[in-house]
Amino acid sequence: MPSTESAPRPGGAGALAGRTVARAGYGAMQLERLHDDRGAAVALLRRAFDLGVDHVDTAQFYGNGFVNEIIREAVRPGDDVLVASKVGADPDPGGPIPLRLAQRPEELRASVEDNLRALGLDRIPLVNLRRADRRPGVVAEGDQLVDLDDQLAVMTALRDEGKIGAIGLSSVTLDVLRRALPAGIACVQNAYSLVGRDDEDMLELCVAEDIAWVPFFPLGGAFPGLPKVTDEPAVQTTARELGRTPAQIGLAWLLHRAPNVHLIPGTANADHLAGNVSAGEIVLDGETLATLDAVLSRSLDATLGG
């Protein structure tokens, strides 16, 4: 059994939801790709723990509950893994995309209960409220346009009841984060990468408020037409010079960007997993960082036509 006390912390140690965890974590969404080989999915997650990962990011709508079931099976007593989930959408396996928005307060509560049952937990250490008022992803309309205060009221009630440990936010604007601060926000998950730095002001606010910054799409390119970090000549050159992959350089840049950054790259491949985790070992000197910082950042909204 891996020991979080003896294993190295990939990427160093960082604060998240009142815990100290490795800054290089694991985003579990890609485990769905192993749906036909449950044993391989469990083994991959166990391998992450062996490598020192102790922060796993999930959601009930990942694989219609399959991913949460794998986490429940893989996490053993003594692993001391921080499981973070998210609400704001529910599985919709028969729909045009495999999820549907679930933004209303009663839906948020039901989603937390679904996560608790699937994960086999009495309390989820961190639950992110996935808003739907900005791209990428589905944008709310109709009865899914829900006021932030109504959502935070149910999230804080769930925290007071002990069903969740901390509240995070996902896909939010700077104004929404500022409005939410009095509720006590543990982390923000927004799309952010070397080639997509729309939210620099929000990152600065998170540093000032001791809020963890957990970027999704950390290498860009998650949707057609979006730029990819690994396509950048400066990234490719740095990778060659350091004997690393372009993906590792993109992840290492994020860890160097600010002390509150936590990574949750996902993969269903054991070699890619090891490469992602070992990105936390990479040291980028001042000259290299300046070269990477000079890479053009493209506005996500402009790229997506929003």
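Modeller: Helix α1 passes α2 in a right-handed crossing. This is a predicted model, in which local features need pLDDT of at least 70 and side-chain atom pairs count only at pLDDT 80 or more, whereas totals for chains, interfaces and linings use all residues. Residues are numbered from 1 along each chain as its sequence is written, and side-chain values use heavy atoms, with hydrogens and water left out.

Biologist: What makes the crossing of α1 and α2 right-handed?

Modeller: The name follows the sense of turning: a crossing is right-handed if the near helix is turned clockwise from the far one by less than a right angle, and left-handed if anticlockwise. The passage of α1 over α2 belongs to the right-handed class.

Biologist: Why are α1 and α2 called oblique to each other?

Modeller: The axes of α1 (residues 38-50) and α2 (residues 66-74) cross at roughly 60° and come within 9 Å. Angles under 35 degrees count as roughly parallel, over 145 as roughly antiparallel, 65 to 115 as roughly perpendicular, and the rest as oblique. The two helices are therefore oblique.

Biologist: Which residues of α1 and α2 meet?

Modeller: With contact taken as heavy atoms within 4.5 Å, R38, A41, V42, L45, R46 and F49 of α1 meet F66, E69, I70, I71, E73 and A74 of α2. By class, these residues comprise 8 nonpolar, no polar and 4 charged.

Biologist: How do you know that α2 and α3 are oblique as well?

Modeller: Their axes come within 8 Å and cross at roughly 45°. By the angle rule, α2 and α3 are therefore oblique to each other. N68, E69, I71 and R72 of α2 make the contact with N115, R117, A118 and L119 of α3.

Biologist: What makes S111 a buried residue?

Modeller: S111 has a relative accessible area of 2%, and buried means under 20%, exposed over 50% and partly exposed in between (1.4 Å probe, protein chains only). S111 is therefore buried. This serine is found in helix α3 (residues 105-119). Leaving aside neighbours within four places in sequence, S111 is in contact with V87, A89, D90 and A102.

Biologist: Why is the pair R38 and E69 called a salt bridge?

Modeller: A salt bridge is a side-chain nitrogen of Lys or Arg within 4 Å of a carboxyl oxygen of Asp or Glu. The closest N and O atoms of R38 and E69 are 3.3 Å apart, and the pair forms a salt bridge. R38 in helix α1 and E69 in helix α2 are 31 residues apart. R38, at 34% relative accessibility, counts as partly exposed, and so does E69, at 36%.

Biologist: How do you know that R104 and E106 meet in a salt bridge?

Modeller: Their side chains are 2.9 Å apart, N to O, and meet in a salt bridge. R104 has a relative accessible area of 25% and is therefore partly exposed; E106, with 47%, is partly exposed too. Both belong to a network of salt bridges that also links D90, R100, E107 and D143.

Biologist: Are D199 and R134 buried or exposed?

Modeller: Both are buried. Their side chains meet in a salt bridge at 3.4 Å, N to O. The pair links distant parts of the chain, 65 residues apart: D199 lies in the loop between β10 (185-189) and α6 (200-208), and R134 in the loop between β8 (126-130) and α4 (148-160).

Biologist: How many salt bridges does this rule give?

Modeller: The count comes to 22.

Notes
Axes are lines fitted to C-alpha atoms, for helices over the stretch in contact, and angles run from 0 to 180 degrees between N-to-C directions. Helices (H or I, at least four residues) and strands (E, at least two) are DSSP runs, numbered from the N terminus. Ala, Val, Leu, Ile, Met, Phe, Trp, Tyr, Cys and Pro count as nonpolar, Asp, Glu, Lys and Arg as charged, and the others, Gly among them, as polar.
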